[in-house]
Amino acid sequence: MTDTGDALDPAELRAWTAFLAAGHLLDHEIERQLKRDGGLSHAEFEVLVRLRRAGGGRLRMSDLAREVMISKSRLTYQVGRLEQAGLVRRTGCESDRRSVWAELTEAGAAALDRVRPGHRRVVREALIDVLTPEEIELLGDALTRVGDRLRTR
(Lines give C-alpha, C1' and ligand atoms only; values in the text may rest on other atoms or scores of the structure.)
Protein backbone atom coordinates (compact mmCIF):
# COMPACT_ATOMS: atom_id res chain seq x y z
CA MET A 1 0.00 0.00 0.00
CA THR A 2 1.26 3.47 -0.85
CA ASP A 3 0.24 6.86 0.39
CA THR A 4 1.70 8.82 -2.52
CA GLY A 5 -1.36 9.21 -4.68
CA ASP A 6 0.19 7.09 -7.42
CA ALA A 7 -2.07 5.84 -10.19
CA LEU A 8 -3.83 2.58 -9.49
CA ASP A 9 -2.40 -0.42 -11.29
CA PRO A 10 -4.76 -2.29 -13.65
CA ALA A 11 -5.88 -4.84 -11.02
CA GLU A 12 -6.48 -2.11 -8.43
CA LEU A 13 -8.38 0.02 -10.94
CA ARG A 14 -10.52 -2.95 -11.96
CA ALA A 15 -11.37 -3.70 -8.31
CA TRP A 16 -12.19 -0.05 -7.61
CA THR A 17 -14.40 0.52 -10.65
CA ALA A 18 -16.17 -2.82 -10.17
CA PHE A 19 -16.83 -1.94 -6.51
CA LEU A 20 -18.25 1.46 -7.50
CA ALA A 21 -20.41 0.07 -10.30
CA ALA A 22 -21.78 -2.81 -8.23
CA GLY A 23 -22.46 -0.54 -5.25
CA HIS A 24 -24.33 2.02 -7.35
CA LEU A 25 -26.33 -0.60 -9.24
CA LEU A 26 -27.24 -2.50 -6.07
CA ASP A 27 -28.25 0.71 -4.29
CA HIS A 28 -30.42 1.66 -7.30
CA GLU A 29 -32.17 -1.73 -7.23
CA ILE A 30 -32.76 -1.51 -3.48
CA GLU A 31 -34.04 2.07 -3.75
CA ARG A 32 -36.46 1.08 -6.52
CA GLN A 33 -37.78 -1.91 -4.56
CA LEU A 34 -38.24 0.08 -1.34
CA LYS A 35 -40.07 2.89 -3.17
CA ARG A 36 -42.30 0.40 -4.98
CA ASP A 37 -43.15 -1.75 -1.95
CA GLY A 38 -43.39 0.91 0.74
CA GLY A 39 -42.69 4.42 -0.50
CA LEU A 40 -39.42 4.48 1.45
CA SER A 41 -35.97 5.66 0.49
CA HIS A 42 -33.00 3.45 1.28
CA ALA A 43 -31.92 5.93 3.99
CA GLU A 44 -35.38 5.84 5.58
CA PHE A 45 -35.36 2.05 5.50
CA GLU A 46 -31.99 1.99 7.29
CA VAL A 47 -33.35 4.28 10.02
CA LEU A 48 -36.34 1.98 10.56
CA VAL A 49 -34.11 -1.12 10.62
CA ARG A 50 -31.79 0.41 13.24
CA LEU A 51 -34.72 1.45 15.41
CA ARG A 52 -36.25 -2.01 15.23
CA ARG A 53 -32.94 -3.58 16.32
CA ALA A 54 -32.59 -1.16 19.24
CA GLY A 55 -33.80 -2.01 22.70
CA GLY A 56 -37.32 -0.69 23.11
CA GLY A 57 -37.46 0.29 19.44
CA ARG A 58 -35.78 3.62 20.10
CA LEU A 59 -32.41 5.33 19.99
CA ARG A 60 -31.07 8.76 20.83
CA MET A 61 -30.77 10.77 17.63
CA SER A 62 -26.99 11.09 18.11
CA ASP A 63 -26.64 7.31 18.46
CA LEU A 64 -28.93 6.72 15.49
CA ALA A 65 -26.78 9.05 13.35
CA ARG A 66 -23.72 6.93 14.18
CA GLU A 67 -25.65 3.72 13.46
CA VAL A 68 -26.81 4.80 10.01
CA MET A 69 -23.54 6.63 9.31
CA ILE A 70 -25.05 9.93 8.18
CA SER A 71 -24.69 13.47 9.49
CA LYS A 72 -26.97 14.65 12.28
CA SER A 73 -28.56 17.21 9.96
CA ARG A 74 -29.27 14.57 7.30
CA LEU A 75 -30.70 12.29 9.98
CA THR A 76 -32.92 15.09 11.27
CA TYR A 77 -34.31 15.46 7.75
CA GLN A 78 -34.87 11.69 7.35
CA VAL A 79 -36.51 11.31 10.76
CA GLY A 80 -38.68 14.37 10.06
CA ARG A 81 -40.00 12.73 6.89
CA LEU A 82 -40.60 9.46 8.74
CA GLU A 83 -42.32 11.32 11.56
CA GLN A 84 -44.63 13.12 9.10
CA ALA A 85 -45.55 9.71 7.69
CA GLY A 86 -46.29 8.42 11.20
CA LEU A 87 -43.51 5.80 11.06
CA VAL A 88 -41.30 7.34 13.75
CA ARG A 89 -41.95 9.61 16.71
CA ARG A 90 -39.48 11.93 18.43
CA THR A 91 -39.62 12.43 22.17
CA GLY A 92 -37.51 14.29 24.69
CA CYS A 93 -35.06 12.39 26.85
CA GLU A 94 -36.00 12.71 30.53
CA SER A 95 -32.44 12.14 31.80
CA ASP A 96 -30.77 14.54 29.32
CA ARG A 97 -32.80 17.50 28.10
CA ARG A 98 -30.37 18.03 25.20
CA SER A 99 -31.09 14.58 23.78
CA VAL A 100 -34.02 13.48 21.65
CA TRP A 101 -35.21 9.93 21.16
CA ALA A 102 -36.34 8.55 17.80
CA GLU A 103 -38.83 5.75 18.33
CA LEU A 104 -40.33 3.26 15.87
CA THR A 105 -44.13 3.42 15.80
CA GLU A 106 -46.47 0.51 15.09
CA ALA A 107 -47.00 1.95 11.61
CA GLY A 108 -43.21 2.09 11.14
CA ALA A 109 -42.87 -1.54 12.16
CA ALA A 110 -45.65 -2.47 9.74
CA ALA A 111 -43.96 -0.52 6.91
CA LEU A 112 -40.72 -2.36 7.63
CA ASP A 113 -42.55 -5.69 7.57
CA ARG A 114 -44.01 -4.80 4.14
CA VAL A 115 -40.70 -3.94 2.49
CA ARG A 116 -38.33 -6.41 4.12
CA PRO A 117 -39.18 -9.51 2.05
CA GLY A 118 -38.58 -7.61 -1.19
CA HIS A 119 -35.40 -6.06 0.19
CA ARG A 120 -34.04 -9.47 1.13
CA ARG A 121 -34.98 -10.80 -2.30
CA VAL A 122 -33.08 -8.00 -4.07
CA VAL A 123 -29.99 -8.47 -1.90
CA ARG A 124 -30.07 -12.21 -2.44
CA GLU A 125 -30.65 -12.06 -6.22
CA ALA A 126 -28.24 -9.21 -6.93
CA LEU A 127 -25.40 -10.15 -4.57
CA ILE A 128 -25.62 -13.31 -2.52
CA ASP A 129 -26.69 -15.69 -5.30
CA VAL A 130 -23.93 -14.41 -7.60
CA LEU A 131 -21.14 -15.29 -5.14
CA THR A 132 -19.84 -18.55 -3.74
CA PRO A 133 -19.92 -19.02 0.06
CA GLU A 134 -16.15 -18.45 0.07
CA GLU A 135 -16.51 -15.20 -1.87
CA ILE A 136 -19.23 -14.02 0.52
CA GLU A 137 -16.90 -14.68 3.45
CA LEU A 138 -14.00 -12.92 1.71
CA LEU A 139 -16.14 -9.94 0.73
CA GLY A 140 -17.46 -9.59 4.27
CA ASP A 141 -13.94 -9.72 5.72
CA ALA A 142 -12.51 -7.26 3.20
CA LEU A 143 -15.30 -4.70 3.49
CA THR A 144 -15.25 -4.95 7.30
CA ARG A 145 -11.55 -4.00 7.24
CA VAL A 146 -12.28 -1.07 4.94
CA GLY A 147 -15.14 0.12 7.15
CA ASP A 148 -13.06 -0.23 10.31
CA ARG A 149 -10.25 1.82 8.79
CA LEU A 150 -12.60 4.58 7.67
CA ARG A 151 -14.34 4.74 11.06
CA THR A 152 -11.02 5.40 12.80
CA ARG A 153 -10.30 8.50 10.69
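E29 is partly exposed, because its relative accessible area is 31% and that class runs between buried (under 20%) and exposed (over 50%), judged with a 1.4 Å probe and protein chains only. E29 forms a salt bridge with R32, with the closest N and O atoms 2.3 Å apart. This is a predicted model: local features need pLDDT of at least 70, side-chain atom pairs count only at pLDDT 80 or more, and totals for chains, interfaces and linings use all residues. Residues are numbered from 1 along each chain as its sequence is written, and side-chain values use heavy atoms, leaving out hydrogens and water.

**Salt bridges**

- Side chains of opposite charge can pair when their charged atoms come close.
- A salt bridge here is a side-chain nitrogen of Lys or Arg within 4 Å of a carboxyl oxygen of Asp or Glu.
- By this rule the count is 10 salt bridges.
- E29 and R32 both sit in helix α1, 3 residues apart, about one turn of the helix. Helices are DSSP runs (H or I, at least four residues), numbered from the N terminus.
- R32 is partly exposed, at 44% relative accessibility.
- D37 pairs with R36, the closest N and O atoms being 3.1 Å apart. D37 is partly exposed at 26%, whereas R36 is exposed at 58%.
- D63 and R66 meet in a salt bridge of 2.3 Å, N to O. Both lie in helix α3, 3 residues apart, about one turn of the helix.
- Salt bridges that share partners also join E46, R50 and E67 into one network.

**Helix packing**

- Helix α2 (residues 42–53) packs against helix α4 (residues 72–84) at an angle of about 80°, with axes 10 Å apart. Axes are lines fitted to C-alpha atoms over the stretch in contact, and angles run from 0 to 180 degrees between N-to-C directions.
- That makes α2 roughly perpendicular to α4, a label for angles of 65 to 115 degrees.
- A43, E44, V47 and L48 in α2 meet L75, Q78, V79, R81 and L82 in α4. Contact means heavy atoms within 4.5 Å.

**Nonpolar patch**

- L8, L13, W16, F19, L20, L139, L143, V146 and L150 form a nonpolar surface patch with about 790 Å² of accessible area together.
- Patch residues have over 30% relative accessible area and no salt bridge, with nonpolar side chains joined within 5 Å. Areas come from the Shrake-Rupley method with a 1.4 Å probe.
- L13, in helix α1, is partly exposed at 42%.

**A loop residue**

- M69 lies in the loop between α3 (61–68) and α4. Its phi is near 55°, a positive value in a residue other than glycine.
- M69 is exposed, at 54% relative accessibility.

Key
Patches are made of residues with over 30% relative accessible area and no salt bridge: like charges are joined within 9 Å, nonpolar side chains (Val, Leu, Ile, Met, Phe, Trp, Tyr) within 5 Å. Helices (H or I, at least four residues) and strands (E, at least two) are DSSP runs, numbered from the N terminus. Angles under 35 degrees count as roughly parallel, over 145 as roughly antiparallel, 65 to 115 as roughly perpendicular and the rest as oblique.
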